[in-house]
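Opening the notebook on a new model today.

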Amino acid sequence: MKWLAVTGWRRLKSFWADRSLATKFVSVYFLVGLLIVVALTWRSGSQLATALEEEMEHELEIEAFIIAGTLGKDFEDMLEYGRSPSQILTLIHQFGEGTDSRITFYDVQLNLVFSTDPNVRPHRASLTPELAAALRNSEQHDIRMDPWTQEMRLYVAAPVYQEEDLMGLLQISIPWQRVQDRINSEWGRLIVTGLLAILANTLLSLWLAWSIVRPLQQVTQAARAIAGGHLDRRVPVPGKDEVGMLAVAFNEMAERLQEMIARERLFIANASHELRSPLTSLKLRAEMLREGRLPPERQRRYIMELEKEAERLHALANRLLDLSRLQLRPETEVLEPVDVMPIARDVVETLSLRAGRKDVQLRLHAPQQLPKVRASADGLREILVNLIDNAIKHTPAGGSVDVVLTPEPPYLRMEVKDTGRGIPPEDLPHIFEPFYRVDKARRRQDGGSGLGLTIVKRLVDLFHGRIEVYSSPGEGTVFVVRIPFESASATS
Ligand SMILES: Nc1ncnc2c1ncn2[C@@H]1O[C@H](COP(=O)(O)OP(=O)(O)OP(=O)(O)O)[C@@H](O)[C@H]1O
Ligand SMILES: [Mg+2]
């Protein structure tokens, strides 16, 4: 039994889970609405029925008293002015005319005097609750089977006085069905109102469900389209509510994705282009050498050029590999506390040879003690090597390159400043892009791949740092890198 209940519940759950959002929404809305409307209709209907019953009983009692009062007056008129009882009868008949109300008059001994209903035969009435109450001069209604018409009727009665004397009892009755009919018609009206409310509720929930489900469907369709390669697909934003926010977020995501893919494509195109030119020159030289008809002098030159191109290719391949490794590194990679000083000293020492050959002064300025930064030793070395190498490369003989390390909590500030030819302002925003070189014509003899600063930027990002560049053509360039100190990153 318990097992049955459990599987039943599971089935119900999976059935519910498989329904569409619109179905869920509308059915819940409909059920809740139905429950509320039924409960309200039931409650107000019952109250209305009771109130109506009471109202009709009360009205009838008042009517009985009015007629009884008039009748008492008529008796007086009859005695004073000699009107015949038949005239009074006519008057009473007029009261009951056109309705199925019945007016009956009994004398004090409860013998029938007259009735507006011909079904009523001469008889002596028993002391029914309404007659007993009228005798006591109070009111009481009664609902019972009528012996003359065999239908349920509502009875009320009132005493008829002539001056102080009790002349008899006036009884009024109406078919109970009349009360029921009125109650039923009220019920009918209530139910129609209820049904209209349920209809309105259902329509409203349908509209609401549609307004939520429609944008969701559009997002689903757009996501599928994007997955299918239509990267420019976007969804309309229906408004500023949560569904609208979803559409906005979705469009932003699609935009980013498109940009990212465009960047990757451009990168691959550029990389292929970079690879093609050295390869073409390699091929040409190799072909000429294969012919074997070159003078030994040219042969030697070609072989040297071959070697140089191969070296360039090798360097480029290494750069690309570095970059792809950086891209594969997870954002959450564990960074370690690194002491910058030994690394900076080592890099400056290694590169001062090259600087010396170019007659460029390379100097390191740093305080005695520096806190550790949160980074990786290899990455820091790479950053410094690239920046200093660029600086030496672009500084003419007699110039200088200064590497300045200063604590600037919560960052360590590393500055590489040269007195070189500088970077034109229009090129500054692009120098961190892959393969970007300011002087395109010079690139072959420089041997640069244009990937150095891209790698530097990626590393700085990875260390949660920042990089800035200031340059004035003809005067020099400053690269400023800020890497968070080990203690600062623990709190940030
Ligand atoms: N200190 C500098 N002074 C003047 N121009 C610079 C300086 N640093 C970089 N640049 C310019 O920015 C370009 C991009 O530099 P990047 O280091 O990315 O490439 P590269 O040095 O040409 O190649 P690689 O570093 O891969 O050997 C350089 O080609 C150069 O034109
Ligand atoms: Mg470089």
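Predicted model: local features only at pLDDT ≥ 70, side-chain atom pairs only at ≥ 80, totals over all residues.

**Overall build.** I counted the elements first: the protein chain has 12 helices and 12 strands. I checked the extent next, and the C-alpha atoms fill a box of roughly 165 × 60 × 55 Å along the principal axes. The radius of gyration comes out at 53 Å, whereas a compact globule of 492 residues would have one near 23 Å. Buried residues make up 21% of the 492. I also looked at contacts between residues at least 6 apart in sequence, and 64% of them join residues at least 24 apart.

**Antiparallel sheet.** I traced an open sheet of five strands, ordered E2-E1-E5-E4-E3, with antiparallel pairing. Its edges are strand E2 (112-115) and strand E3 (142-145), each of which pairs on one side only. From one strand to the next the twist averages 30°. I then picked out strand E4 (residues 152-162) and strand E5 (residues 165-175), which run antiparallel and are joined by 10 bridges.

**Mixed sheet.** Another open sheet of five strands runs E7-E9-E10-E12-E11, and here the pairing is mixed. Strand E7 (361-365) and strand E11 (466-472) are its edges, each pairing on one side only. The twist in this sheet averages 15° from strand to strand. E7 pairs with strand E9 (residues 400-408) in the parallel sense over five bridges, and I found Arg 363 opposite Asp 402 in E9. Helix H8 (residues 340-357) packs on this sheet and touches E7, E9 and strand E10 (411-418). The direction of H8 makes about 170° with that of E7.

**Ligand 1.** Which residues come nearest to ligand 1? I got Asn 390, Val 438, Gly 448, Gly 452 and Leu 453, out of 23 residues around the ligand. Helix H9 (377-393) and helix H11 (452-462) are the elements that give two or more residues to this shell. By type, the shell splits into seven nonpolar, 11 polar and five charged residues.

A reminder before the list: most residues other than glycine have a negative phi, and most peptide bonds are trans.

- The peptide bond from Pro 409 to Pro 410 is cis, with omega near 5°. Pro 410 is in the loop between E9 and E10.
- Gln 150 is not a glycine, yet its phi is positive at about 55°. I placed Gln 150 in the loop between E3 and E4. Is Gln 150 buried or exposed? It counts as exposed because it has 8 C-beta neighbours inside 10 Å, and the cut-off for exposed is 12 or fewer.
- Phe 435 also has a positive phi, near 70°, and lies in the loop between E10 and helix H10 (443-446). With 19 other C-beta atoms within 10 Å, Phe 435 is partly exposed, since buried takes 20 or more.

**Pro 473.** Setting aside neighbours within four places in sequence, I found Pro 473 in contact with Arg 421, Gly 422 and Pro 424. I also checked Gly 420: it is 53 residues from Pro 473 in sequence, and the C-alpha atoms of the two are 8.2 Å apart.

Definitions and conventions: Residues numbered from 1 in each chain as written. Chains lettered and ligands numbered in written order. Pairing = 2+ DSSP bridges. Helix = DSSP H or I, 4+ residues; strand = E, 2+ residues; numbered from the N terminus. Axes fitted to C-alpha atoms, helices over the stretch in contact; angles between N-to-C directions. Near = placed C-beta within 6 Å. Nonpolar A, V, L, I, M, F, W, Y, C, P; charged D, E, K, R; others polar. Rg over C-alpha atoms; globule rule 2.2 N^0.38 Å. Contact = placed C-beta atoms within 7 Å.
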